[in-house]
Amino acid sequence: MSTPDLTQTPISANGSFEVHLQKSGQTLKVGKEQSILSALQDAGHEVPFSCSQGVCGTCLTQVIAGTPDHWDMFLTPEEQATNTQMLICCSRSQTARLVLDL
């Protein structure tokens, strides 16, 4: 029996999801009321950010796998539709796991 690909599995009913950091190999859990940025900070990662509202683009991060749930006002709808980058200060995930270029 194969393991399900969490980057293709819908987000869990409790609203939490995993973020896998491609460069460090670390996987973090992001709670329903938590931003990806705060989960990273809680784990000791220093990530550039400024406004924390999805307006400035400072925290723009490349997405390797999974589907972001874009809550920002920085990326155009066309850019959001590609799902190749996201603002981690406010956006979340539509899938149980996101793999980010961090």
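**A nonpolar core and its surroundings**

The largest nonpolar core of this predicted model has 20 residues, and Val19, Ile36, Leu40, Met86, Ile88, Leu98 and Leu100 have the most contacts inside it. Such a core is a set of buried Ala, Val, Leu, Ile, Met, Phe, Trp, Tyr and Cys residues joined through side-chain atoms within 4.5 Å. At least two residues of this core come from each of strand E1 (17–21), strand E2 (27–30), helix H1 (36–42), strand E5 (85–87) and strand E7 (97–100). H1 gives the most, with four residues. Helices (H or I, at least four residues) and strands (E, at least two) are DSSP runs numbered from the N terminus. In soluble globular proteins, nonpolar side chains tend to be buried together.

The model is predicted, so local features need pLDDT of at least 70 and side-chain atom pairs count only at pLDDT 80 or more, while totals for chains, interfaces and linings use all residues. Residues are numbered from 1 along each chain as its sequence is written, and side-chain values use heavy atoms, with hydrogens and water left out.

Phenylalanine 17 stands opposite valine 30 in E2. The two strands form a hairpin with five residues between them, and glycine 25 in the turn has a positive phi of about 80°. On E2, Leu28 and Val30 make up the covered face, and Thr27 and Lys29 the uncovered one.

Aspartate 69 lies in strand E4 (residues 68–69). With a relative accessible area of 25%, aspartate 69 is partly exposed, a class between buried (under 20%) and exposed (over 50%), using a 1.4 Å probe and protein chains only. The C-alpha atoms of aspartate 69 and glutamine 94 are separated by 5.3 Å, although these residues are 25 apart along the chain. Beyond residues up to four places away in sequence, aspartate 69 touches Ser91, Arg92, Ser93 and Gln94.

Two loop residues complete the picture. Most residues other than glycine have a negative phi. Serine 52, in the loop between H1 and strand E3 (60–65), has a positive phi near 60°. Asparagine 83, in the loop between helix H2 (77–82) and E5, has a positive phi near 55°.

Terms used. Contact means heavy atoms within 4.5 Å. Two strands pair if DSSP finds at least two bridges between them.
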